[in-house]
Amino acid sequence: MKRLLSIFSMFSVKMFFGFWIIAICAILATRWVSVKFTEMEEIRPIPRSAMHTLKKVNNRLIQTGERHGEKIWRLIDNRDKRVPKEIWLKSADSHRIASNARKQTAEIKDYILNSQFDHPVARVFGNSQLLGPIDLQFNDHSYQLFVSRPLHGKDFLGRIHAIPFWLRIVTTLLVTGLLSWLLARLFMRPMNVLKQASEKFGGGELNTRIPQFDQRIDEFGQLGQAFNIMAERIQESVSSQQRLLGDISHELRSPLTRLQLALSLANRVNDRSDEMQRYLQRCETEVARLDDMISQALQLSRLENQLVHMNSEPVNIGNICGKLVNDYELVLAEKQLQLHSDIAQNLIIEGDAAMLSSAIENLLSNAIRYSPEQTQIQLSCQVYDGFIHIVITDQGQGVEASQLHQIFKPFYRTSEARDRISGGTGLGLAIASRAIAAHGGDIYAQIASKNKTNPGLQVTIKLPYDATLNN
């Protein structure tokens, strides 16, 4: 039983039976409608009750004509209230037709004129049924009498027959199309859930799971369970790497501190040769770089593990940018760089001032580090399109277009030689990216100019702007 249930729960089996049932229903419906329409077009024997109606109308019509001495033809044409309604009278001699029916269609007229009748019959025309003929003799003239009567709501076939042919086709297409669409929606619903979960997971939400698929035993259930297992393993792997990075960085602090102490003691020795002094200075430089790299690695590890508590408070982005410009005045002067700033005031958002300041400082320090001497750096901080845009542009060697999305990854380096000379660690942009993402913003880079020698790099930070905080 379980084996049979698992077979019929398969997506391929469901799809097969689903479309098969729809096809069968469409065929049966088409066949049924065709048969019914064919039956309705046939001329049927007149029922006994209808024959009684015809005779009753016939007698009344003759009595009315005789009583008032008028021609039956005139009574019908003039729609005299003394005669029954819905009468069709055909002259046997001249093939002329008179009728007081409310709806006199050409189809009924042609049928009466062009048909030969051996006995009374019944036939449906739209919403009415034509009964007859019955022979009528009046003033030495022969007539054929027909009576039409409306088809009421209970006569379903008559209602269908009244529908135009093109509307029948459209209705059939709409019904089968609706059923197919509902079936497709039913089948695609779990696929959409998988798609949304995959997009979230690909966007960095590594805790995304699909718990509702655990109880399914079809292909979608198997796919969802495989997704959950994959996501669990990837999250564990990434978390392990992040913990390892943080643990190693933390453990390196102790020997690094001892090394710094040893260098400090070595610098106190008086009888040092010039060569020894150069070696000691080189060691101090490398130790400082290592200390900076460990600090940034720890900061990145905390951001990625969400261990850093974000102190949300009103932060003035304009003041942060202005302070950084002042702090880097000496560095800019030493490298003979010009910084042009365009900073709007009172750009207040809710966020962590330390994290935002660190992110912007990383971008500014990168621009200074990779800018040739006697060039310009531009810093803009303005509001438009509902976002605060912080744009830092340099005139350095820039980055190849294929690498613009990669530079925000940890330890990614576009040029090993350049980073070695400049002292870069490959973590500044990654830290800035994580900090901005924590504030619901975005960060991206692009080539600053078309200059082939020094195209420069332009990095933009977008932060959500709440106008209510700045009133």
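**View A. Salt bridge between D80 and R82 in the predicted model.** D80 is buried, with a relative accessible area of 18%, because the cut-off for buried is under 20%. The closest N and O atoms of D80 and R82 are 2.8 Å apart. R82 is partly exposed, at 32% relative accessible area.

**View B. Salt bridge between R209 and E232.** The two side chains meet at 3.0 Å, N to O. R209 lies in the loop between α7 (165–202) and α8 (219–266), and E232 in helix α8, so the pair links distant parts of the chain, 23 residues apart. R209 has a relative accessibility of 24% and counts as partly exposed. E232 is also partly exposed, with a relative accessible area of 36%.

**View C. Salt bridge between R96 and D77.** The closest N and O atoms are 3.5 Å apart. Because R96 sits in the loop between β2 (87–91) and β3 (97–99) and D77 in helix α4 (residues 72–77), the pair ties together parts 19 residues apart in sequence. R96 is partly exposed at 45% relative accessible area, and D77 is partly exposed at 37%. The salt bridges in the model number 4.

**View D. The largest nonpolar core.** This core has 42 residues, and I317, I377, I390 and L463 have the most contacts inside it. Elements giving two or more residues to the core include α10 (317–327), β10 (376–384), β11 (387–393) and β13 (457–464). The largest share, 8 residues, comes from α12.

**View E. Surroundings of L463.** Leaving aside residues up to four places away in sequence, L463 touches I317, I349, L356, F387, I388, I390, I436, H439 and G441.

**View F. A second, separate core.** Among its 22 residues are A50, W73, L75 and L145.

Note on methods: Residues numbered from 1 in each chain as written. Predicted model: local features only at pLDDT ≥ 70, side-chain atom pairs only at ≥ 80, totals over all residues. Heavy atoms only, no water. Core = buried A, V, L, I, M, F, W, Y, C linked by side-chain atoms within 4.5 Å. Buried < 20%, exposed > 50% of the residue type's maximum accessible area, 1.4 Å probe, protein only. Helix = DSSP H or I, 4+ residues; strand = E, 2+ residues; numbered from the N terminus. Contact = heavy atoms within 4.5 Å.
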